[in-house]
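Please look through the model below and work through its sheets, its chain interface and its salt bridges.

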Amino acid sequence: MTATTDLDVREGVDRETVETVQNMGSYKYGWDTEIEMEYAPKGVNEDIVRLISEKNNEPEWMTEWRLAAYRRWVTMTEPKWAMLNYPEIDYQDQYYYARPKSMEVKPKSLDEVDPKLLATYDKLGIPLREQMILAGVEGAEAAPAEGRKVAVDAVFDSVSVGTTFKDELAKAGVIFCSISEAIREHPELVKKYLGSVVPQSDNYFATLNSAVFSDGSFVYIPEGVRCPMELSTYFRINAENTGQFERTLIIADKGSYVSYLEGCTAPKRDTNQLHAAVVEIVILEDAEVKYSTVQNWFPGDEDGKGGIYNFVTKRADCRGDRAKVMWTQVETGSAITWKYPSCILRGNESQGEFYSIAIANNFQQADTGTKMIHLGKNTRSRIVSKGISAGQAQNTYRGLVTMHPRATNSRNYTQCDSLLIGDKCGAHTVPYIEVKNTSSRVEHEATTSKVDDDQLFYCRSRGMDEEEAVALVVNGFCREVLQALPMEFAMEAQSLVAISLEGSVG
Amino acid sequence: MLKINNLHVKLEEEDKQILKGLSLEVPAGQVHAIMGPNGSGKSTLSYVLSGRDGYEVTEGEATLDGASLLDMEPEERAAAGLFLAFQYPVEIPGVGNMTFLRTAVNAQRKARGEAELSSGEFLKAVRAKAAELQISPDMLKRPVNVGFSGGEKKRNEILQMAMLEPRMCIMDETDSGLDVDAMRLVSDGVNALRDAGRSFLVITHYQRLLNHIQPDVVHIMANGRIVKSGGPELALEVEENGYGDLLAEAG
């Protein structure tokens with residue numbers, strides 16, 4: 001009966017997808033929450049950096065760390081090597097700090113929480129019980145959970161508004177909190193690891209983030225602990241003309257395990273909004289981290305107006321032997337995506353995996369991929385990338401696999417598939433491969449295909465309409481990656497795949 | 001049930017006429033067979049009726065219970081009760097057979113304003129029907145037609161037919177590539193579906209299939225038209241003597 005149950009569950013997932021697609025508009029998250037905001041003045045300079053630091057009640061060392069990054073940033077220039085076309089960004093025309101006024105004082109009961117903020121959680125699909133916990137309602141933790149437990153940290157514009165299941169996690173020794181709280185409460189961990197994977201000087205966008213990040217999530221899993229639940233962060237940009245610069249730091253100590261989910265949404269805007277996040281993951285001996293992202297920032301409208309500019313630096317450092325990391329990403333949103341979640345395979349026998357679905361429709365442009373940097377002996381990496389282009393979109397896979405001289409007997413396998421819908425879009429594959437020893441092996445396979453008319457006709461002759469047929473065929477194309485996602489995310493991701501392709505046929 | 005009147009069809013891309021005034025009527029509850037030499041337009045007829053792109057109807061009409069089929073999208077024809085069992089069933093990698101079936105069943109039910117089947121109802125129905133056709137649970141889980149043998153693909157088409165419960169079933173050379181046992185399974189599946197409200201149009205090269213699925217009427221098709229119609233004995237005549245005499249007779 002086990003196999004049957006599994007089948008039933010998968011069935012349910014697929015069914016839900018089709019239903020969701022049928023019931024949804026083209027961008028489900030396109031509402032905007034009118035909450036009174038507190039802004040810092042537009043633009044970025046040393047005073048703004050100090051102000052952000054001060055608003056977060058940061059210690060002096062943190063302020064200095066930010067200022068050092070800022071001073072570095074002003075000497076840098078924006079990278080232009082990606083296959084992306086967008087107008088010059090005026091970095092002084094952005095707000096670098098915004099937060100809901102009601103967050104000035106942390107709410108103590110549901111009555112004190114801005115009801116509009118609660119409505120926001122509701123629209124984000126955060127379960128009611130977790131909403132209560134986020135809002136700090138007493139006794140909420142004791143209420144029975146619906147389904148599997150997921151601890152949530154919600155970041156609304158620049159500020160982390162609350163984290164659920166804190167006490168339960170604390171019992172296991174897990175620290176899951178906003179990074180601003182971690183800076184105050186766990187300075188020894190932050191000092192030791194912040195910037196150790198993505199240095200302040202790493203790249204233009206990461207350096208800007210180092211100077212102005214306002215919040216984000218912090219995770220520490222102690223030695224030998226298997227995190228008792230999935231951890232999740234919801235990011236939402238709400239205020240207009242506001243850049244969101246969140247910073248995530250995850251540390252998996254020896255022999256520990258954690259699965260981390262990240263979801264992103266933003267309202268529809270005519271103007272472009274800037275998003276430059278940094279995620280650093282440190283993985284020590286025998287530890288394992290799974291990091292899954294469903295990126296659904298507003299992609300711009302059918303004419304290419306508006307949408308998020310998403311410049312993200314994500315990197316995992318497998319510092320210890322046999323450390324393991326798995327990145328899974330479903331990139332459906334953003335007008336511009338510039339993102340290469342990477343694995344530094346430093347420890348011997350460490351492993352890195354990267355599973356990606358990148359969908360670009362209308363005028364979206366995506367330049368995304370990964371870097372597998374093999375430094376240790378007997379290291380393994382696997383890349384499975386599925387790129388889907390529709391409308392007039394351009395989709396580029398850019399990946400680097402490098403085998404250093406010391407990384408003997410290491411292996412990489414890369415599979416890169418592109419699917420084209422229509423005749424005005426583009427798919428590009430740019431693999432960089434460097435092998436500096438003689439005992440390692442690198443394999444690269446790539447395919448490019450068009451959505452097959454015979455497949456669509458077959459589906460339609462069985463009663464599915466054209467959009468349903470495309471959604472089904474494309475979900476099949478992505479199956480390998482969708483299966484790498486935790487179940488909760490797999491459902492959302494499948495619906496997103498379908499929604500992102502609406503209007504791409506016919 | 002199905003009425004085809006003076007149907008003329010050419011290829012969209014080139015100036016090639018394939019159907020040249022084909023007329024045919026299949027009343028409710030009957031099984032009609034179409035036989036004919038290669039290139040006579042049999043598969044084109046099945047594709048045009050089910051709405052595949054690439055063909056242009058220049059004259060004539062086709063109706064299902066009085067409703068004009070040719071104006072409908074393929075999915076609308078399906079919801080109206082038309083089903084085509086493909087000669088070459090299409091592979092859809094990554095899409096589970098069960099998912100495909102269920103999406104199709106519910107899409108049709110929805111189009112007809114009926115309630116969708118619940119997970120339990122669907123599984124119960126599909127398992128029972130799969131068992132009759134000796135389709136293993138593993139085959140239900142595997143991606144649609146991917147890695148299926150010829151016989152498995154054809155049985156899978158009949159499973160879809162059984163689940164979708166169409167009123168007008170067109171079978172395009174369903175017997176091609178089947179061994180004796182598989183042909184019996186497929187035929188039993190089809191015979192189980194025969195009833196007063198359901199009609200079949202069976203396109204085949206060989207009389208053998210018609211021993212298993214007894215037709216009411218046999219049509220001989222050549223050069224884009226029906227040249228002769230008769231009872232089951234017509235199929236035996238073809239088997240015996242080939243198409244030569246019949247075609248000469250029709251001019």
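The questions and answers that follow concern a predicted model.

Q: Which strands of chain B stand at the edges of the open sheet of 4 strands, and why is one side of each left without a neighbour?
A: The sheet has the order β2-β1-β4-β5 in chain B, with antiparallel pairing. The two end strands each have a single partner strand, so one side of each has no neighbour in the sheet. The edge strands are therefore β2 (17-26) and β5 (67-68) of chain B.

Q: In β4(B), what is the bridge partner of H8(B)?
A: Strand β1 of chain B covers residues 2-11, and strand β4 of chain B covers residues 55-64. These strands pair in the antiparallel sense over 8 bridges. The partner of H8(B) in β4(B) is E59(B).

Q: At about what angle to β1(B) does helix α1 of chain B run?
A: Helix α1 of chain B spans residues 42-50 and lies across β1, β2 and β4 of that chain. Its direction relative to β1(B) is about 105°.

Q: Which strands stand at the edges of the open sheet of 6 strands in chain B?
A: The order here is β6-β9-β10-β3-β11-β12 in chain B, and the pairing is mixed. On average, neighbouring strands of this sheet are turned by 20° against each other, direction ignored. Each edge strand has a single partner, so one of its sides lacks a neighbour in the sheet; these strands are β6 and β12 (225-230) of chain B.

Q: In β10(B), which residue is the bridge partner of C169(B)?
A: Strand β9 (residues 168-172) and strand β10 (residues 199-203) of chain B pair in the parallel sense, over 5 bridges. Within β10(B), the residue bridged to C169(B) is F200(B).

Q: Which three residues supply 18% of the area that chain B buries against chain A?
A: In the contact between the chains, 39 residues of chain B meet 28 residues of chain A. The area buried between them is about 2900 Å², with 59% given by carbon and sulfur atoms. More than any other three residues, the suppliers of that 18% are E75(B), T103(B) and K141(B).

Q: How far apart are the closest N and O atoms in the salt bridge of E73(B) with R460(A)?
A: Across the interface of chain B and chain A there are 4 salt bridges. The pair E73(B) and R460(A) forms a salt bridge, with its closest N and O atoms separated by 2.6 Å.

Q: Which element gives the most to the side of chain B that touches chain A?
A: The interface holds 11 residue pairs in polar contact, both residues being at pLDDT 80 or more. Elements that give two or more residues to this side of chain B include α2 (74-79), β7 (92-96), α3 (97-111) and α6 (150-164). By class, this side has 20 nonpolar, 9 polar and 10 charged residues. With 10 residues, the element that gives the most is α3(B).

Q: In which helix do R50(A) and E46(A) both lie?
A: Over all chains, the structure holds 33 salt bridges. R50(A) forms a salt bridge with E46(A), their closest N and O atoms being 3.6 Å apart. The two residues are 4 residues apart, about one turn of the helix, and both lie in α2 (residues 46-55) of chain A.

Conventions: Residues are numbered from 1 along each chain as its sequence is written. Chains are lettered from A and ligands numbered from 1 in the order in which they are written. This is a predicted model: local features need pLDDT of at least 70, side-chain atom pairs count only at pLDDT 80 or more; totals for chains, interfaces and linings use all residues. Side-chain values use heavy atoms; hydrogens and water are left out. Two strands pair if DSSP finds at least two bridges between them. Contact means heavy atoms within 4.5 Å. Axes are lines fitted to C-alpha atoms, for helices over the stretch in contact, and angles run from 0 to 180 degrees between N-to-C directions. Buried area is the accessible area (1.4 Å probe) that two parts lose on being put together, summed over both. A salt bridge is a side-chain nitrogen of Lys or Arg within 4 Å of a carboxyl oxygen of Asp or Glu. A polar contact is a pair of N or O atoms within 3.5 Å; within protein, one must be able to donate a hydrogen and the other to accept it, and residues adjacent in sequence count only if both atoms are side-chain atoms. Ala, Val, Leu, Ile, Met, Phe, Trp, Tyr, Cys and Pro count as nonpolar, Asp, Glu, Lys and Arg as charged, and the others, Gly among them, as polar.
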